[in-house]
Amino acid sequence: MLASGFTAAPISKYLLFGIVVSSILVSITDTKYLFHIQLVPHIWHYQQFWRLLLWQSCYNNSTELLFGVMTMYHLRIIERLWGSRKFASFLLTAIPPCSLIPPFALAILRPLTFSILNILPAGPTPLIFALLAQYHATIPTVYKYRIAVSSTSPDAVTFSDKSLVYLLAAQLAFSSSPGSIICAAAGWVVGMTWRRGLGPDIWTTWRVPEWLAGSKQARGGDFEDLRRRLEGEGNGTGHATGADGEVRRRAHGSGILDHFRGAF
């Protein structure tokens, strides 16, 4: 049976709630201007390099927040598949390149576009697309369906059970274009690079300590719950078997008595 909510995905839950809370606090305190990146003047003129550390911590508008949270909610299946320890390790190793590659790409593209590309919107869009790359590579398609104007129409569009996630991610990528497109593309490249092991070995093999991710406690709790469940089923089966045996014995005895009653 499919698990609902954030079952077996605690890090995804904390990450999603953290994004929502930070975005609301930034909106309430009217400090949105501190989180997006403009190469000119933030980086080139004012040398505000601290923005490279903060720009992925929140979203500046409700549209990006909505689609970012919805996409992140669907990507919680990655944590269920990998486990919290590997999932946390991926996040920690993906955050540095996701924070630095988009500004670097913007610095290269800005002179080529005659300064049209100059802004990166705030929000963890690169990190979400790095997770989306793992979703694309590891989660199989369960079913497909086609949508047509009529049953006899030869032209139909084919969708799958993963199409909704891709549609949400596409909306997020185009929400503040062209800057959001750069963020999405950079995150996808980071995710695929990590997936194929093209970076240093320590980048893909490093894991956070088990106590930090709560792996031992969660694993022990799962095994304990499974043991209790099996014992409960075993006891229930034993009682049911005894009761069925008693019913059979009574039915058999009643049949013998009825047989002799009929004979006499």
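Where is the place of alanine 8?

1. **Alanine 8.** Alanine 8 sits in the segment before helix H1 (10–28). Helices here are DSSP runs of H or I with at least four residues, strands are runs of E with at least two, and both are numbered from the N terminus. Phi of alanine 8 is near 60°, a positive value in a residue other than glycine. Alanine 8 is exposed, with a relative accessible area of 53%. Exposed means over 50% relative accessible area, buried under 20%, and partly exposed in between, with a 1.4 Å probe and protein chains only.

2. **Basis.** This is a predicted model, in which local features need pLDDT of at least 70, side-chain atom pairs count only at pLDDT 80 or more, and totals for chains, interfaces and linings use all residues. Residues are numbered from 1 along each chain as its sequence is written, and side-chain values use heavy atoms, with hydrogens and water left out.

3. **The chain overall.** The protein chain has 12 helices and 4 strands. Buried residues make up 36% of its 264 residues. Take the contacts (heavy atoms within 4.5 Å) between residues at least 6 apart in sequence: 75% join residues at least 24 apart. The accessible surface comes to about 15900 Å², and 65% of that belongs to carbon and sulfur atoms.

4. **H7 against H9.** The axes of H7 (residues 125–138) and H9 (residues 179–195) come within 7 Å and cross at roughly 45°. H7 is therefore oblique to H9. Angles under 35 degrees count as roughly parallel, over 145 as roughly antiparallel, 65 to 115 as roughly perpendicular, and the rest as oblique. Axes are lines fitted to C-alpha atoms, for helices over the stretch in contact, and angles run from 0 to 180 degrees between N-to-C directions. The crossing is right-handed. Among the residues that meet are Phe129, Ala133 and Ala137 in H7 and Ala184, Gly187, Trp188 and Gly191 in H9. By class, this contact has 11 nonpolar, 7 polar and 1 charged residues.

5. **H4 against H7.** The axes of H4 (residues 62–74) and H7 come within 10 Å and cross at roughly 35°. This crossing is left-handed. Gly68, Thr71, Met72 and His74 of H4 make the contact with Ile128, Leu131 and Tyr135 of H7.

6. **H8.** The buried residues of H8 (residues 163–173) are Ser163, Val165, Leu168, Ala169, Leu172 and Ala173. Their cover includes H4, H7, strand S4 (156–160) and H9.

7. **Isoleucine 181.** Isoleucine 181 lies in H9. Isoleucine 181 is partly exposed, at a relative accessible area of 34%. Neighbours within four places in sequence aside, isoleucine 181 is in contact with Ala173 and Phe174. Isoleucine 181 and proline 102 are 79 residues apart in sequence, yet 9.8 Å apart in space, C-alpha to C-alpha.

8. **Serine 84.** Serine 84 lies in H6 (residues 84–112). Serine 84 is buried, with a relative accessible area of 15%. Residues up to four places away in sequence not counted, serine 84 touches Pro10, Ile11, Glu79 and Ala213.

9. **Backbone points to check.** A cis peptide bond joins valine 40 and proline 41, with omega about 15°. Proline 41 is in H2 (residues 39–43). The bond from serine 177 to proline 178 is also cis, with omega near 5°. Proline 178 lies in the loop between H8 and H9. Serine 115 has phi near 70°, a positive value in a residue other than glycine.

Terms used. Left-handed = near helix turned anticlockwise from the far one by under 90°. Nonpolar A, V, L, I, M, F, W, Y, C, P; charged D, E, K, R; others polar. Areas by Shrake-Rupley, 256 points an atom, 1.4 Å probe, with all protein chains shown as cover.
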